[in-house]
Amino acid sequence: MNKETNDSPPTLFPYLSYRDASAALDWLAETFGFAKTVDFRDEEGNVMHAEMSFGNGAIMLGTATVDQPAESHRNVPAEHGIYVYVADVDAHYQRALAAGAHIVFPPEDTEWGTRRYRALDPEGYEWSFGNYRPNPNA
């Protein structure tokens, strides 16, 4: 059983493989406001392992290797992605829009009383930003 509290450090860290992880680092910082905290490169300059923070959360990413298939071998439903809490959905949306993000859904109010929007990054990962903060200790 998980005995973490909201005051504990995060325990969930999504990881993503990008064909051009170096460009992804720059794009995620410029478009969504992530901050690069770790960036390990190989001798050719490929991102072997990188970390980016947003609030008290973080993601890990790296360059896809030739050992990884170009596409998933699973038939994954189209609606999946990474959700990120933001206090001001509309301001964050305007930042992403101004930076040229491909918007999947503009800001909307949900039936359960929150606000959110969705965007794709240049390699097709879907990012959802909203003012709902999940409670892992509920």
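Which residues of helix α2 are buried? In this predicted model, the buried ones in α2 (residues 89-98) are Val 89, His 92, Tyr 93 and Ala 96. Buried here means under 20% relative accessible area, exposed means over 50%, and partly exposed is in between (1.4 Å probe, protein chains only). Helices (H or I, at least four residues) and strands (E, at least two) are DSSP runs, numbered from the N terminus.

A quick word on the ground rules. Residues are numbered from 1 along each chain as its sequence is written, and side-chain values use heavy atoms, with hydrogens and water left out. Since this is a predicted model, local features need pLDDT of at least 70 and side-chain atom pairs count only at pLDDT 80 or more, while totals for chains, interfaces and linings use all residues.

**Helix α2**

- Val 89, His 92, Tyr 93 and Ala 96 are the buried set. They cover an arc of only 100 degrees around the axis, which puts them on the same side of α2; the arc is that of the directions from the helix axis to the C-beta atoms.
- The buried residues of α2 pack against α1 (21-32), β3 (47-54), β6 (102-109), β7 (115-120) and β8 (126-130), where contact means heavy atoms within 4.5 Å.
- Just after α2 comes Gly 100, with a positive phi of about 90 degrees.

**Aromatic rings**

- Searching the whole structure turns up nine aromatic pairs. Rings of Phe, Tyr and Trp (its six-membered ring) pair if their centres lie within 6.5 Å; planes under 30 degrees apart count as stacked, over 60 as edge-to-face and the rest as tilted.
- Phe 32 and Trp 127 make a tilted pair, because their ring centres are 5.9 Å apart and their planes sit at 55 degrees. Phe 32 is in helix α1 and Trp 127 in strand β8, so this pair ties together parts that are 95 residues apart in sequence.
- Both partners are buried: Phe 32 has a relative accessible area of 1%, and Trp 127 comes in at 0%.
- Another tilted pair is Phe 34 with Phe 54, at 5.1 Å centre to centre and 45 degrees between the planes. Phe 34 sits in the loop between α1 and β2 (35-41) and Phe 54 in strand β3, so the pair ties together parts 20 residues apart in sequence.
- Ring pairs link Trp 27, Phe 32, Phe 34, Phe 54, Tyr 93, Tyr 117, Trp 127 and Phe 129 into a cluster.

- β5 (residues 82-85) runs parallel to β8, joined by four bridges; Val 84 stands opposite Phe 129. Strands pair if DSSP finds at least two bridges between them.
- β7 and β8 run antiparallel, with five bridges, and Leu 120 stands opposite Glu 126.
- β7 and β8 form a hairpin with five residues between them, and Gly 124 in the turn has a positive phi of about 95 degrees.
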